[in-house]
Structure formats: structure tokens, C-alpha cells
Amino acid sequence: MLKNIIYILIIIIGIIFSSCSDDPAFDILLGGQPRFLTEDGYDKKLNVFGVLRPDLIQNYSQSFIHLERTLAAVNDIENGEDIFILDATITSYLVEDGVLIDSFHFEYQNPDNFFNAFEYRDTSFIPIALQKYKLICKRIDYETIEAETIIPKKPHINGNINADDNSINFNLTNDTSIFLFDIYLIDNEDFDFSRIMPSEGANTFVKINPEFTLSNNTILFVYSYDTNLATYLSYSNNFIKPGAYRPPITTVNGGYGCFGSMNFEVFTNF
Amino acid sequence: MKYIINKILITFLLIIFTQNIYNQTNTISGYVTDENTGETIIGATVVLKGTLNGTITDLNGFFTLSKIPEGLNTLNISHLSYITKEIQIDVDQKKSVLDVIKLSPDLKKISEVAIVEIKPDEIGDKQVEISQLEITPKAIKSIPTARNDIFKAIKYLPGIGDGETFSPLYSARGGDPSENLVMLDGVVMYNPYHYVTTSGIFNVQTVKKIDILVGGFGAEYGGRNSSILYITTKDGNLNEIHGEIEPSTTHTKAFIEFPVNEKSSITAAGRYYYDLPGMFFLGGRSWFYDLNLSYTNRINNKNRLTLKLFSSLDRVNQDINTMFSYFSNTFDDIDVYDDMDIDMKNNWGAHAITGILKTIISPKIYLRTQVYGSFHSSDNFSGMKFRFPVEEEGILVQMDYNTSFKAKIKDLSAKSTLNINLTNNNTVKLGIEYNDYYFKNSAIINDIDKGENIRSPNLISTFIEDKIMIGRLIIRPGVRATNYNYYGNWLLEPRFNSSFNVTNNFKINAAWGQFNQHIISMNTQEYEVNQMLDYYYPLKDRKPLQSIQYLIGFEKNISYHSNVSVNFYYKEMPTTYMFDLNEDAVERFSFSDILLKGTGESYGAEILWKGNWKKFSGWLSYGYAKSYRSYNEIMDGKKFLFDYDRTHSFKTIVNYKITENIDYNTSLLVLTGLPRTIERTQQSFYYYDPISNQYGFYFFGISETKNNARLPFHLGLDFGIKKEIRNGFGYDLMNYFNFKESYLNITVSNVFFFRRNVIWYFGLPTMNKYLPVGINFFPSFSVGYTLKF
């Protein structure tokens, strides 16, 4: 009887581990590998994150383009290529009536000059609100990325800012070039952040009740985003839950990522 | 359409009117109850002695029997767990509703009753449901990992499957979980689950019967397209006080039933759970309770009034950082408190109140009238933030994700069902229901308010079905008509069930039906692990979710103690919906804009053997199933495997009575892995800080193909032992409290712990493999006592 049980156990264990692949220890300790039902494989593309903004700091344009490639989910090392792409040709064009009338070359910058490494900039480039810019990003072995953005207008507050010790409210003027607002209320070390979609066809009422007391030093930053950045930043399905259906996130053609623009205004003494 | 409704109403009136004519024949009716407890007995057989004229008591313990000759007759009343009784009745026009018939429990039989009950009368009976599954409270208590939980137990039945590991939701025959109707004594319950234990909110101590219809159900049931889970609770002991206390290492629960007077009784049950491991590891206070109260008054032999109250509440507060702090406050340069923040806060509640009046209008007419209010609220937040500057690389690894979903549901309903026994061979059932709904949903995802959606639809439903016996053939045509004010038109759902008794031990069933569903659910489970509820969402100005079902099967008694059934089904879904998880706030701002409309189909076959053999009892099932969906917005309309598709399912439950006092149970599950979207590529996603003009990023997996892979097969083996204690601590405890019985329950779960059941895969670009993640790293062991008084 005992013999039979042992035989049966051996057969069961054999069946259980028959799915193990070339690294039994890995499989036994952690579990087997997935069984793919489709042939689709690694999707090799450029992945861009570029923001055009009209401000300068120490005469340097704050607009930047960051360029990477996508990674293979497993065994990416076989690609033998760094994730950050530093030798691409990136040009931004001013577009009027569909015609490219001016070009700006974004060059790879010395990372020591900026916190964010691996950035392309045209340090003298100053985009202008409501103008359209086109991005063309070329790199050998990859599909060329193309994208367009219209620089949004500065956010405008319609009427007064109403503030007391514990709250602040105001109306942001309706503007068709703005698709998302980021609002920061900063008071020394304290800050409050709100991300608000503009009301459709009307002014957007904003009321903030920060967890700190407002003072004379409180500063209000309001940022406005174009449709590309608004779409990208408001994307919902970006949690890291495994096994979920998550197509690539993109607002560009030929690759993935986002090329967008923003504007802003600072308010004090309210 | 109005013509059809008028026709139904006219039929209804005609039936009542012509009842006087039918009353000229002799028909008897009444309740069958347990002599000791006064509890109504479901499934008792009532036969006119010396004839084949017989019937079975229904869910209310009620029967009607026609063609009774005038004068003195003998009735034979039997049930598997009771001593067969014969009573003499003198039938005349005035005495057609009998006094309650009381059966005495057969203690010998009860101790022998296995976890499945094969009633000889069930095969070849008048039932025509093709896909009706029954699971007894005793069976639920004997499934080791499902002990005392209905929702875990039903997943051991063919055709019922689970989905996400941490979710209590279930799928029936390739349907979405939101297509399952859960009814507690006729009350529709919304999200009847506890969070921490992913279990149901129904205390098995109060449950009398559990029926599950997984397809092809009759016109009586509607509103959901996949399955009906109908739970009947006890009315309470009419003779003496009884109870049960079950302290254990994980929870404490208690049940009591007692008579108020000679006609009425009360049952009360409660359960409280406090998450001690969670408090230690996750730093929060998480708990839940559920409470059942029931009052039944047997006003007279014609009228019964039942009032029931149900309430459950869950509070969860988990901070994952607490767990990390036991190892270290820092990992390399990462401070778990300053750089990381992972929180889950869940508040769930389900409450219901109902009044049920059961009236025997005449021996041929039985009326059940019910009003209820069913309420649900949930407020679930989860957030994950981290920010790790890697100075030497000049990069910032960052994530700032959060979701907050809130829901409120009110369902106020009034309904009546009329059973009319025209003859022994012809029973008409008809009913009407009015539902007044209130649904409020709101969501904030990644700090963006997705808006609030409040809808208050109402639904009028009416049905009629006629069960007709023609020799060995039974047919039950029926139709359900619904008017949902947010859609406007009356819609018809025709249904047809049939059964042919080839022999007394072998019958063939077939069914066809159309099903509509106006209340659907937002499929938030794919967002992340904490949003695991059904967020119910009423459609507006849209076609209802539809399915057309075709079923055929047979059932055969292979011995006195066992039977086998085989079912085949095909389910066509011309209209199905899902919420677009890949939306952004610019393109799709409000809830109503993010619905995707598609189609689907599922088909399969199931074999179920259940029975008893010597000291063994249990069941064994195999299911083959396929389920697909298609949406234009996903892969350009290409068909993909549905999230709950399991091609092969092998499930078995075995109970072995070692001695008179010891029961040994084991459960085994071998299931094909679920389809999931496993990434082939990883993409950086960027967070942007406009003040500093800095950005941080993290990688997540992307795939253009939905459900492009399957998880490995699922294997689960659990053991349990239940022993009646005759000495030692449990016995002393029983004597101390002066209780009558004491049981020791031991459960060993996850016996195959060395073989991982993978639930997730993480891509590892630096390795040549995916990192599999499972949760069954160790077997678990639990011990508890049950004390009965």
C-alpha cells in the first residue's frame, strides 16, 4: 500500500515539475514562466519626453527633450545598447499654415549643467504662446518620431483672488489652448497641489483649502498645459499592477512618449 | 408592446378569476416543518399513498397537491433527514389547507447524511432547471479552505470560477462577475464581500439552503445575465433555545435561535474579525463585522410573516511602509518613510432590511409578497508614491499614483409572486416587481477628479411561466417583460425550459433564453489590486447588456447514492460593455464617455459526479470552457480570451468519515491558468514637476495584445479534520458553559506549497526570465472550536 502511495506521489511530483524550464531552481523556488499565446515580441521604439516652455533661467531656455528607447521586458541586455539615446538628431520647427518656417536644433547637453541628465536643449529657444511647433527626432535603427504642439497661453485669473487664513478661491479664464491646470500654493516649507481639468466653455472655479494657514508670503503658481501634456499627465492606466492590459502611452507618431508644452503665471500679495 | 403587457395582465386576472372553477376539484396544500425546531423543510416529498400522485416542498417549505379524492386519504411525507410520516386527511371543500405537517428528525440518518444529498425523488421530478447546483451548509463547512464561506465554496462547483487573487468576485460560465445576482432571502445584495478575508458576508450558521443557477434560468429571475445565487436563511427554532459559538484564531462568531412564543421565533447571528497580523505588519486597524437578525411569525396555517435585517461593515487601513520598517528604515539610500508611501484605505458596507408575507390564498394559490431596501456604500483609496533621486546617474526614479473610488447604492423594491397550481400537471407562476434605484459613483484618479455620476433609474419587471407535464415531458415556457425608464421601451425576455424523463433514473434537459441587464459594473479590477469591487453603474439611453443562452444536458442516477450530470452550453452576447481603462482626462472626462460596447461568446461542457460510497461522500467535476470578447477600441475589434477563461477545470471535494466522531475532508483544484496580458516591452512613464522643471520616471510593462499569455495551471490541495470532542480542553470548555456539543476543527491549507501558483509576472530586463510572484509560499494551519448549545 505504502509503495503504491510513493509511486503515485512520484508521478504527481513529476507531472508538477514537468513544466520547469532550463533553470529548475528558479522555477521550483518561485514558479514557472508564462505561456505566451501570441507571437508578438519586444516592441523596439524611441520613447520621448519633451516639454516646451517659454521661460529662461540665467538666459538658458527651460525647454528640453529627453530621449530613451523602450526596454525588452526580459533579456534586454542582448540589445547591447544603453537605454538613454544621446546621439539623435532632434529639430523643432515653427509651423505656420502648415509650413515649416523656422527650425531650432536641440543638442545633447553636458549633464553636469543640469540636474536631469541625458537632455537635449536649444539653450536660446523661446517658444511663443499660441504658436505651433513640430518635433522631428531621428535616430538610426529607429523609426523617426514626429509630433506637434501649440504653446498654451499663460493662465489668467478672472477677477480677484479671494483668500482668507484657511482657503483661497478664484476663477481661471476660459481658454481653448489650455487643457489642464496644475496649481501649487506654497508657503515657505508648506505646499498644496491641485490638478484640475478646465471647465468646458466656461471659466474654471478653483477653491483650495490647504492644510496650512495662508500668510503674506504665500505664493500661487498656476501652470497651463497643452493637449499633449494634459493627455499624458492625466493618463489613468499607469499603475504597475502586473498582468493588466496596458497599451503604449503616446502622443507622438513613430514612437512612444510625449511632446508637449506649457505656460505659467505666478501670483503673490492676494 | 403595450398589447403584450395587457395580455399578461389579462392572463393574470383570468387565472385568478377561473380559480373558483378549479377550486371545485380537491386540492390540498400546506407547510412541512421540523418538529423540533419549527423550521420549514425544503425538498420534502409529499405523496398520496398508493398512487404516483406526489410533489415536493418548495423553497418556502410549501406544497400543493391536486387530484385528491374526496373523503379519507393517507399522505406519505418523507425526507432524507427525517422519519417518514403518514397522516390521514379527510378531504372536503372546507379543509383543503392543512395544518402544518411536522416531521421528526431521524438522528441516525442525520449523523449519516453526507456532504451531498442524493434524494431519490430528485431525478425525474418536476424540476426543469438545467443548470441548478446546490451546495449544502454541511458541504461548505467541510471544504477546508472554504470553511464557513459561501463564495469560496461555490468556486468548487463546475462552471464557477475565480479571477484576481485578492478579489472575492466570481465568474459563472464565462460571464463577468457583475452578471451574477446574489439574493439573500429574495433581497438583491450588492458587493456582499468582506475585504480582509476576501470572503462573503453571509454567516453559514444562519443559512438553510444555497441554490445556484448558472445559466438558462426561468423567467422568474432577471436583472443579471450569468447566474443567480439564492441564499435562504433559517426562520428560527420554535421550540427551544439553540446556538453555536465559534472562537478561533482568526475570528469569532456566534449564532442563537429561540422561540418568542408558540408562533414566532428569532434568530440572531454575528461575526467579528480583527486583523491582528495586519495590525502588526501593516500598521493599521482593519476589522469587519456582519450581523443577521430574523423574526418569523407563523400567524396561522395560511399566513407567515418574516422580518429580516442584515448589516455588514468593513474597515481597512493598511500602510505597507510598516512592514518594511521591521527590516530597516532604509534600503540602500531609500528611506521608507520619507521616500515611499503605500497606503490602502477601504470602507465597505452592505445593509438590507426586508419584510416577507407568505399567504396561502387557496390550496391552489400561494402568494409571496416582499418589500426590501438594500444599501451599499464603499469608499476605497489606494496610493503609491516613491521618489528616489539617483544623484550619480542624474536621474530621479519616481511614481505618484493614486485612485479613489466611491459608490453609494440604494435599491428599494416591492414584489409579489403568485404560484397557481392549476392541476398537478400544470403550475403557473407569475409575478411583478418594482425597483427604485439610486446609484452614485465618483472617482479621483491620479489627483484628477473624474467627476460624479448620480443616476436614479427605476425598473418595472413582470414575468409569467407555465410548467406543464405531458407524460414524461415537462416544459416550462415563460417570458419576462421589463421597463427601465432610462431606456424607455418595454423589453421581452422569452425563456424556455424542458425536461424529458427517459426513465425514472435518467432525464434529458434543454433550455433556451434571452437575458437583459441594465445595471452593469465598472471593471476597475484591472486598475490595481485594491479596487476589487463591482462598482455598479446603471446604463442610460443604451441597449442593455444582452445574452442568449442555449443549453442541453442529461442527468442520471448511477446508483441509489450517486448521480452524474453532463451539461453543454453556448452563450452568445450580442451586447456587452466594459470601461475603458486606458482613458485620459482630456479625451474622456466623464463616466458616461468611457464605456466601450462590444460582443462576446462563451461555450463549454461540464461533467459532475456527486454521491456517497461507504464512508466517503463528495463530488468530482470536470469542466471545459471557452470565453471571448471583442471591442472595436481594443486591438481593432480582434477577438480575445476573456479574463476569466479557464479551459480546463478539475475540482473535487471528498469527505471521509473516519469514525463516528471524526470527519476528514480534502479538496483539490487543478485549473488552467487565467489569460493575462504579460508585457513584452517596458516603457518609461514620466512625472513632471513644473516648478523645478525636473522629471522622474519609472518603467511599466506595455503590450498591444490583450491577454497574450496564460498563467501556469493552478493547483490547490487542502485538508481538514472535524472531531467531536469527548475529553480534554474543548470538552471541559463545553461543560464549563454547560453546552451540549463541542467540535475541534483543524485545517491545513496549501499542501502543495512547494509548487507556486503564480499570480503575477514582473519583467526583468537584466535577466532572461520573468519574475513570478505567488502567495502560497507556506502551508497554513488553523485550529478552532465550535461549541453548540
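Which residue stands opposite B:Asn303 in β22(B)? The residue is B:Thr359. This pair is a way into the model, which is predicted.

## Strands β18, β19 and β22 of chain B

B:Asn303 stands opposite B:Thr359 where β19(B) meets β22(B). These two strands run antiparallel and pair over 17 bridges. On β19(B) there is also a pairing with β18(B). That pairing is antiparallel too, and counts 11 bridges. Here B:Tyr295 has B:Leu307 of β19(B) as its bridge partner. β18(B) and β19(B) form a hairpin, with five residues between the two strands.

Strands of a sheet pair through backbone hydrogen bonds, in either a parallel or an antiparallel sense.

B:Arg304 also sits in β19 of chain B. Is B:Arg304 buried or exposed? B:Arg304 is buried, because its relative accessible area is 5%, and the cut-off for buried is under 20%. B:Trp490 lies 186 residues from B:Arg304 along the chain. Their C-alpha atoms are separated by 34 Å.

## Cavities

Rolling a probe the size of a water molecule over the atoms shows where empty space is left. How many cavities of 30 Å³ or more does the structure hold? There are nine.

| Cavity | Volume | Lining residues | Nonpolar, polar, charged |
|---|---|---|---|
| Largest cavity | About 430 Å³ | 35 residues | 16 nonpolar, nine polar, 10 charged |
| Second largest cavity | About 140 Å³ | 17 residues | eight nonpolar, six polar, three charged |

Take the largest cavity, with about 430 Å³ of space. Of its 35 lining residues, the closest to the centre are B:Asp176, B:Asn523, B:Phe642, B:Asp643 and B:Tyr644. Three strands of chain B each supply at least two residues of this lining: β31 (519-522), β34 (562-579) and β36 (616-631).

Now the second largest cavity, with about 140 Å³ of space. Of its 17 lining residues, B:Asp185, B:Thr233, B:Asn292, B:Leu293 and B:Lys308 are the closest to the centre. Which elements give two or more residues to the lining of the second largest cavity? They are β18 (287-297), β19 (303-319) and β22 (340-362) of chain B. So the hairpin strands return here, because β18(B) and β19(B) each give two or more residues to this lining.

## A three-stranded sheet

Chain B also has an open sheet of three strands. The order is β4-β1-β7, and the pairing is mixed. Which are the edge strands? They are β4 (62-65) and β7 (101-103) of chain B, and each pairs on one side only. On average, neighbouring strands of this sheet are turned by 30° against each other, direction ignored.

Strand β1 covers residues 28-34 of chain B. β1 pairs with β4(B) in the antiparallel sense, over four bridges. One bridge joins B:Tyr31 to B:Phe62 in β4(B).

In a regular strand the side chains alternate between the two faces of the sheet.

## B:Ser499

B:Ser499 is found in strand β29 of chain B, which spans residues 490-503. Why does B:Ser499 count as buried? B:Ser499 counts as buried because its relative accessible area is 1%, against a cut-off of under 20%. The side chain of B:Ser499 also makes a polar contact. The partner is the side chain of B:Asn509, at 2.9 Å.

Notes. Residues numbered from 1 in each chain as written. Chains lettered and ligands numbered in written order. Predicted model: local features only at pLDDT ≥ 70, side-chain atom pairs only at ≥ 80, totals over all residues. Heavy atoms only, no water. 1 Å grid on protein atoms, 1.4 Å probe; cavity = no way out; pocket = protein on both sides within 12 Å on 5 of 7 lines; lining within 4 Å. Points joined across faces, edges and corners; volume = space filled by probe spheres on them. Nonpolar A, V, L, I, M, F, W, Y, C, P; charged D, E, K, R; others polar. Pairing = 2+ DSSP bridges. Axes fitted to C-alpha atoms, helices over the stretch in contact; angles between N-to-C directions. Buried < 20%, exposed > 50% of the residue type's maximum accessible area, 1.4 Å probe, protein only. Polar contact = N/O pair within 3.5 Å; in protein donor to acceptor, adjacent residues only side chain to side chain.
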